[in-house]
Amino acid sequence: MRRVTSDSGLVAELLEAGYTFFSGVPDSGLKRFIADLSALPSEMHVQATWEAEAVGLAAGAALAGRSSCVYLQNAGLGHVVNPLASLCLPYGIDLLLVVGHRHTLPQHRVMGEIDERLLELLGWDNAIIVIGDNNVD
Amino acid sequence: MWTREEAIRWVLDRHGREAIYVASTGYLSRAVYAVAGPDANVFYMQGSMGLAPAIGLGIALHTSRDVVVLNGDASLLMALGSTHTIRDRAPETFFHYVFRNGVHESVGGQPCARLEETYPGVTAILDVAPGGKPPRVGIAPEENARRIRQALAADSSRAAAGGG
C-alpha cells in the first residue's frame, strides 16, 4: 500500500507499469486521473455503476490477461469488501485499487479513519491511497 | 417452464465449447458444473453474488470468443446497474441469460422480487423450476481461474489482432 498526495501523472505511471484496463466510479479527488483515462482507447476503460461492478469488470479483464486497476472513493471500499473477499482473494485475482481518500465531512469521517486498516484487515496490499487536497470543503 | 438442467444444456448447446461461460453464485454454479464438468470453459463464480455479468463483460471486452453469462433472477436484481453498463459497452459476442426461478434457492428458497419481462443487457430470461441441491463445484477457485486464464491466453493474440 502506498500513499500519494496527487493523482497528477498517475495514469501515465500505471500505463508505464503495464496496466491496460481500468474500471471504477468517479471521485472528486481523482478528477485528473479520470480525465487521463478518458483519453485512452475505449476498451481500456469502463466506468462502472458501482464499485463492486468495477471489481467484477476488472477481474474479468484480469482473467483475460490484462493488468487491471479499479479506482474509487474510499466510501466505495464498503462496496468492494465482499468482491475482494469472495472473488479476488480465493480465485487469486490481483487488482490495483486507486482510492481517493476523503475524511473531513461527517459522512466521510468514519471511512476516512479506517480505510487503510480495512484493506490491511482484508490482506489487500495492492492499493494506492490518493490523499489529495480536496478534503476541506 | 424448463428444468434448470434443460435450460443449462440449451445455453451450452447454443454457444458451444469454444465460448467462455460465467456461472453465477450458489446452486446455479453447482448445476452448471454437474452438466458441464471440470474441463469446460466455465468460470464458477461461487461468491460475489451479482457480479457474474460484470466479470463476463470484463472478459468479453478482451477476447474474440463468445462470452456467456448464466445468471439468476435474484442475482440480477442485486446488481441491476450492470444491465446498463452492458447496454452501453458490451460487444456483440456477449450473452447474458437469466434463470428465473423466483427464489433465492441456494439459501432456502425464499421468494425474490418479481422480474420485469425485459431488461437492457439481458439476452433472454429463461423460466425454470427450482431444481434442488446439486453436489458442490468440484474444482478449487484458484485452479478454475488458472484454467480460464489459460483458455483465454490461447486466443489473446487473435483478439489483439482483431481489436478484441
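Reader: Why are H4(A) and H5(A) called roughly parallel to each other?

Author: In this predicted model, H4(A) and H5(A) pack at an angle of about 5°, with their axes 11 Å apart. Angles under 35 degrees count as roughly parallel, over 145 as roughly antiparallel, 65 to 115 as roughly perpendicular and the rest as oblique, and H4(A) and H5(A) are therefore roughly parallel. Residues are numbered from 1 along each chain as its sequence is written, and chains are lettered from A in the order in which they are written. Because the model is predicted, local features need pLDDT of at least 70 and side-chain atom pairs count only at pLDDT 80 or more, while totals for chains, interfaces and linings use all residues.

Reader: What makes H4(A) bend, in the sense used here, and at which residue?

Author: The bend is the angle between axes fitted to the seven residues ending at a residue and the seven starting there, and for H4(A) this gives about 45° at Leu84(A).

Reader: Which residues of H4(A) are called buried?

Author: A residue is buried if 20 or more other C-beta atoms, placed from the backbone, lie within 10 Å of its own, exposed if 12 or fewer, and partly exposed in between; Leu84(A) and Tyr91(A) are among the buried residues of H4(A).

Key: Helix = DSSP H or I, 4+ residues; strand = E, 2+ residues; numbered from the N terminus. Axes fitted to C-alpha atoms, helices over the stretch in contact; angles between N-to-C directions.
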